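Please look over the model below. My notes follow as numbered points.

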Amino acid sequence: MNNENIIKRAELHFHTKFSKNHHSSIEVSKAIEKAKELNLSSIAFCDYKSVDAFTDITNIKNENKSDIKIIYGAELPFMTTSQTIKTKGYSLTLLAKNQDGITALQELATT
């Protein structure tokens with residue numbers, strides 16, 4: 001099969017054991033192994049209210065020379081107040097493009 005005909009798939013919102021509110025219990029290394037099994041081209045780690053997995057991600061990324069693109073991200077909550085003065089909660093998933101983005105995510109998640 002010609003490589004041009006292969007459909008590339010990515011997981012762009014994956015939670016690990018570091019997510020607050022226990023959204024997942026999986027280790028970063030196990031998630032990457034599963035991504036390899038599924039032939040994913042990319043995986044974005046987007047823990048809820050946390051960037052605590054970033055150290056594990058960096059260590060594993062440096063150890064493993066994988067073809068899978070690993071993306072740093074975070075799912076962060078925010079609140080809005082409507083005209084009726086009711087507060088509603090949302091969350092926003094942010095993905096880092098480069099080291100500056102990783103640093104900005106770390107700052108946002110700790111404030």
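**Notes on salt bridges, core and surface**

1. The side chains of Lys20 and Asp52 form a salt bridge, 3.4 Å from N to O. A salt bridge here is a side-chain nitrogen of Lys or Arg within 4 Å of a carboxyl oxygen of Asp or Glu. This pair links distant parts of the chain: Lys20 is in the loop between β1 and α1, Asp52 in the loop between β2 and α2, 32 residues apart. Helices (H or I, at least four residues) and strands (E, at least two) are DSSP runs, numbered from the N terminus.

2. This is a predicted model: local features need pLDDT of at least 70, side-chain atom pairs count only at pLDDT 80 or more, and totals for chains, interfaces and linings use all residues. Residues are numbered from 1 along each chain as its sequence is written, and side-chain values use heavy atoms, without hydrogens and water.

3. The whole structure has three salt bridges. Glu37 and Lys34 form one of them, at 3.5 Å, N to O. Both lie in helix α1, three residues apart, about one turn of the helix. Glu37 counts as exposed because its relative accessibility is 57%; the bands are buried under 20% relative accessible area, exposed over 50%, partly exposed in between (1.4 Å probe, protein chains only).

4. The largest nonpolar core has 20 residues. Such a core is a set of buried Ala, Val, Leu, Ile, Met, Phe, Trp, Tyr and Cys residues joined through side-chain atoms within 4.5 Å. Val28, Ile43, Phe45, Phe54 and Ile57 touch the most other members.

5. Leu92 sits in strand β4 (residues 87-95). Its relative accessibility is 44%, so Leu92 counts as partly exposed.
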